[in-house]
Amino acid sequence: MDKNDMILISVDDHIIEPPDMFKNHLPKKYADDAPRLVHTDDGADVWKFRDTVIPNVALNAVAGRPKEEYGLEPDGLDEIRPGCFDVDERIKDMNAGGILASMNFPSFPGFAGRLFATEDPEFSLALVQAYNDWHIDEWCGAYPGRFIPMALPVIWDAELCAAEVRRVAAKGVHSLTFSENPAALGYPSFHDPYWNPLWKALVDTGTVLSVHIGSSGRLSIPAVDSPPDVMITLQPLNIVQAAADLLWSRPVKEYPDLKIALSEGGTGWIPYFLERVDRTFEMHSTWTMQDFGGKRPSEVFRDHFLTCFISDPIGVRLRHEIGIDNISWEMDYPHSDSMWPDAPEVLAGVLESEQVPDEDIDKMTHLNAMRWYSFDPFKHVPKEQATVGALRAAAAGHDVSIQARSHRSTTAEDKLQSFQSQIKAATAHTAS
């Protein structure tokens, strides 16, 4: 398949939230206590909520910037592409990158919205609902058919979380971002009946539990003085642990229609993982009392789990060992792993090298995403206008050049010191 004929839906991209996002959706009585974007003396823009400060970490918003500017120091909004936080500019960037549609994970509230858990349950719920309504009505609603809508959970209350799933499902949402390990955040584990209302709500509404790497807050890093490359290399490790924890869990057995996405987790590890779980079942299920109703764990995995990849040549090569109906493509805009704006070229190179037939390409690039997330972009965008070539033609003249945007002259040594100090702080926080 020629790259210009591909239809690309990314199941993992990200939003840098704009400063006015709460304006139209949070009750006025909470306005003075709402999170707000603050411009600091050093030129950074940070979100401040009570005593918590959340910077726009540079690796979260490096699309269109030279690699020399990658790092962990905070950024001002004027140092990142407007497409990170402005939906009109995002669509231009998507068109220029040949991307039909995108699912956008949150940034400053965290993947599970834990930031919004306060001592006031009504205020906390209002924050989650305001965020969700902004995301659904303003961000996704601005361009129907271009975004797969996603909701934040009410992570601190299973009953309220289930109710929110039902509320947003009525607005067309079929994706809930969630923690890869709620126990690491101080909540009941996936094995606890506490979450039963949530499982039922997800199944009843056809909503996918989208579990993103890093959403537990735990760092996969051997030592505080390990190089940053170690952490970046090991980022998918937590999602492998989540896959095992969920696959062997009670909900997967009791809710056969439960769907879980391992977001930004990659695919190359999955064939070995499936071999290992089948071997574990064969050797140990008698005494561990695991029962999948006559199926092997690898079969159950394919019943419940969606995986995604950016390029992953090994995963593409072994796609049928993973399950061709269980793989979707992602771009990861505007994070540092993203191939934007050349994602079609990178992907096409892998697909051509692995001699992938058109039927498999269509499944991985858009059909699986549409089916899993109950999303039909073609109600709004005709297929002939949805291809890489057609979208890029519509974006003719849009500037996608690499541009230096930083106001700082930070050295590589400074960035490494900043990384190590943040790792030490995060490790100390996790230990406490």
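**Exercise 1. Describe the second largest pocket of this predicted model: its volume, its central residues and the make-up of its lining.**

Step 1. Start with the space: the second largest pocket holds about 310 Å³.

Step 2. Next, look at the lining, which counts 18 residues. Nearest the centre of this pocket you will find G145, F147, P149, G172 and F375.

Step 3. Now turn to the elements. Helix 2 (121–140) gives at least two residues to the lining, and strand 6 (147–148) also gives at least two.

Step 4. Finally, sort the lining by class: nine residues are nonpolar, six are polar and three are charged.

**Exercise 2. Find out how many cavities of 30 Å³ or more the structure holds, and describe the largest cavity.**

Step 1. There are two cavities of 30 Å³ or more.

Step 2. The largest cavity has a volume of about 40 Å³. Two or more of its lining residues come from strand 9 (260–263), and two or more from strand 10 (305–309).

Step 3. Pick out the lining in your viewer: V11, M103, A261, L262, S263, L306, T307, C308 and Y373.

**Exercise 3. Which element gives the largest share of the lining of the second largest cavity?**

Step 1. Find the second largest cavity, with a volume of about 40 Å³. Its lining includes N104, F105, Y131, N132 and H135.

Step 2. Strand 5 (99–105) and helix 2 each contribute at least two lining residues.

Step 3. Helix 2 has the largest share, with three residues.

Step 4. By class, this lining has six nonpolar and four polar residues, and no charged ones.

Notes:
Residues numbered from 1 in each chain as written. Predicted model: local features only at pLDDT ≥ 70, side-chain atom pairs only at ≥ 80, totals over all residues. Heavy atoms only, no water. 1 Å grid on protein atoms, 1.4 Å probe; cavity = no way out; pocket = protein on both sides within 12 Å on 5 of 7 lines; lining within 4 Å. Points joined across faces, edges and corners; volume = space filled by probe spheres on them. Helix = DSSP H or I, 4+ residues; strand = E, 2+ residues; numbered from the N terminus. Nonpolar A, V, L, I, M, F, W, Y, C, P; charged D, E, K, R; others polar.
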